[in-house]
Amino acid sequence: MPSPVQVRCCDASGCRSAGSQALRTALEGARDAAGLDPSQLTIKPVGCLRQCGSGPLVACDRPGRTQLFGGLAPEQAGALIAETLANPADDLAAHRIDLEGPFFALQRPVVLEGCGQVNPESIDDAIAFGTYAQLQRILQEFTPEQVRDEVRRSGLRGRGGAGYPTGLKWDTVALQPPGPRYVVCNADEGDPGAFMDRSVLESDPHRLIEGMAIAAYAVGAERGFVYVRAEYPLAIERLRLALQQARSRHLLGNHIHGTSFNLRLEVRVGAGAYVCGEETALLLSIQGQRGMPQPRPPFPAQSGLWGAPTLINNVETFTAVPAILREGGDWYAAMGTEHSKGTKVFALSGAVVNTGLVEVPMGTPLRTVVEVIGGGVPDGSPIKAVQTGGPSGGCIPAERLDTPVDYESLLELGSMMGSGGMVVMGQSTSMPEVARHFMGFSVNESCGKCVPCRAGTVQLAQLLDRFVERRATAEDMERLDALCQMVKVTSLCGLGQAAPNPVLSTLRWFRHEYEAACREPSDCVATARVR
Amino acid sequence: MAVVTLNVNGQDVAVPAGASLLEATRAAAADVPTLCHLDGLNPVSSCRLCLVEVEGSTKLLPACSTAAAEGMVVHTHTPRLREYRRMTVELFFAEGNHVCAVCVANTHCELQDMAVTVGMDHSRFPYQYPQRSVDASHPQFTLDHNRCILCTRCVRVCDEIEGAHVWDIGSRGGHCHIVAGLDEPWGQVQACTSCGKCVEVCPTGALFRNTDTTAEKQPDASLPALLRSARDQHRWHNQ
């Protein structure tokens, strides 16, 4: 058993960039200098401790008390060791982060349960924390139908953005005619401002593997892939290590837990295309082809990898599964709103005091997330808007912040849940500039297959340039409206269909900024009224 | 033979089960425009001109790759579809360098015909005048990227009918272009059989025979359908 006195150092990408590795080395040095050995004081690297903006984060556990510190320099390692051993050091007071404060108190970690608790590079640590226990239980006690029933009852919906009911998708794959099936985890998280999946992969990879194994059992798959974007080197490294460890413990491979269930999982690394997060493009990319979206139907659940039924879910969806089976589908369904159950992880960033990962029950008002948990704009000024859903989403204006966060409410506001990126914007943000920024992203990331997305986004970006440079005319306003609508309804895949969303939502809530950006603002206002 | 019956623009039609919506609209003589589609090649739904409205579906559906289903009620020429088609053609013209007066395909160009069909006499979007090249390395044919609309008919006919897979797409977004071999000069690609199918199916003057000059290209885009049906049915025209 590890000693009850331990120091957990965040070793995920965010804190690493803030110098967590040097701090951990210094802490180990300070422990040795204090004459302690690892059995008396464990210093372990863990995954994300969530308040990423205050990194490097360190949590100190003693029986009955846990403290969190942020922004420590390696020179303060000695003081921290003393603090952990119950000698309060005053000079650390400024670095102490209140665990009772709203940032942590209002969160409900389900997917993030193990993040910051387990050492992501140690399978022993993961198993001691309870990972893989549900896999063993369901393999021995549940039929695949029972697993699917539990997931269906939980009301879990796809966390990749579209919110398709997970249980229904699993059933669709499972009920296809006999033959091979695949499970695929979409870890091609590419929205600007989204880092939830990266944190999960870097912090608790074994839980994802457990979730995928349970899914594979439930749909009858014996082979699976995790498609991770190449821009996540640490996540890839840890996932590969975790898969290797799981294989060596026979938690993957043939006859898992002595049953007839076999599963081979592999990592596939993307090559830098955002569009490969679209499921049909992702499947082509796994098969070694150019990642371009295909018309659906057929949906991957009917015909996916090499023509076989394929289950594709996002990292967060799979990672929620072990907890759902442990506590029961009804437990999960008790959280959230009528149509959006459970919890959702958001990556909070932008003009906000507490930057980091936030997991809250669905239906939590947006205001609670950004003002109470996030702490509002750093200079205390009011929030202007919140951007959700990245380049496919939109900006929600401050007056609508009391909207509960769920799939339907966000769609109604012209934004979308998306994968969970949430960027807070202060008063100085210009909305046409925001729209142009995201349109530039879509121009660069369009695969070029269909003409509305390939050529339409280029024209939209140039139109937005005219607004940003204050040389737009009333005709430009009309063209902008018309072209947004056209690209939205005629594009082939979700990327093109959603590309105009940042423009449409800012036009809807901040039309006056576009009007004011015209060369002759009065003309543009007039046009708007005539319409 | 199983059939499905559906309604296109108020007219009831019956088509064989498994037929596409496009075939159903043809049965109703609805004249749904297409550019990337070509009978005999697998549909890719990339030109978006054949989008139609189907009652009960919130999205517009590409007629070329949607299966006709029993009881569908289809509208092919609503005002909004006409407007989107015109905008689509405007986008095609604005993104490339299409100068009919000096083009080999003038008067035999499907893009030019499409502009007439949808009533596009000018583009409301600014021309992009992209810097594009011409590949004249092949002894018999030339590829002029300026006139390419990325319909990928050449890619598909070479892969699906000829079996050589000389063509593919390089780069992405507005920088997409057709590449020969591993992005080599066409004339150096040994896989090319010089069969000329890509030239025949090209809807514009992007691919042409070196012997053709302005307005002399006379393409024959019926080849893929003939070959596909001959192979499927093992029946050839000269037998």
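## The interface between the two domains of chain B

Domain 1 of chain B and domain 2 of chain B bury about 1200 Å² between them, with 63% of it on carbon and sulfur atoms; buried area here is the accessible area (1.4 Å probe) that two parts lose on being put together, summed over both. In domain 1 of chain B, the residues that lose the most area to domain 2 of chain B are B:L35, B:L38 and B:L41, which together make up 47% of what that side buries. By class, the side of domain 1 of chain B that touches domain 2 of chain B has eight nonpolar, five polar and one charged residues, where Ala, Val, Leu, Ile, Met, Phe, Trp, Tyr, Cys and Pro count as nonpolar, Asp, Glu, Lys and Arg as charged, and the others, Gly among them, as polar.

The domain assignment, which is automatic or taken from a database, gives domain 1 (3–77) and domain 2 (104–233) of chain B, and their centres, taken over C-alpha atoms, are separated by 25 Å. In terms of contact (heavy atoms within 4.5 Å), 14 residues of domain 1 of chain B meet 18 residues of domain 2 of chain B.

## The interface between chain B and chain A

Between chain B and chain A the buried area is about 2400 Å², of which carbon and sulfur atoms give 58%. B:R48, B:L91 and B:R172 supply 25% of the area that chain B buries against chain A, more than any other three residues. The contact involves 29 residues of chain B and 30 residues of chain A.

Two salt bridges are counted between chain B and chain A, a salt bridge being a side-chain nitrogen of Lys or Arg within 4 Å of a carboxyl oxygen of Asp or Glu. A:E445 forms a salt bridge with B:R172, and the closest N and O atoms of this pair are 3.3 Å apart.

## Basis of the values

Residues are numbered from 1 along each chain as its sequence is written, while chains are lettered from A and ligands numbered from 1 in the order in which they are written. Because the model is predicted, local features need pLDDT of at least 70 and side-chain atom pairs count only at pLDDT 80 or more, whereas totals for chains, interfaces and linings use all residues, and side-chain values use heavy atoms, with hydrogens and water left out.
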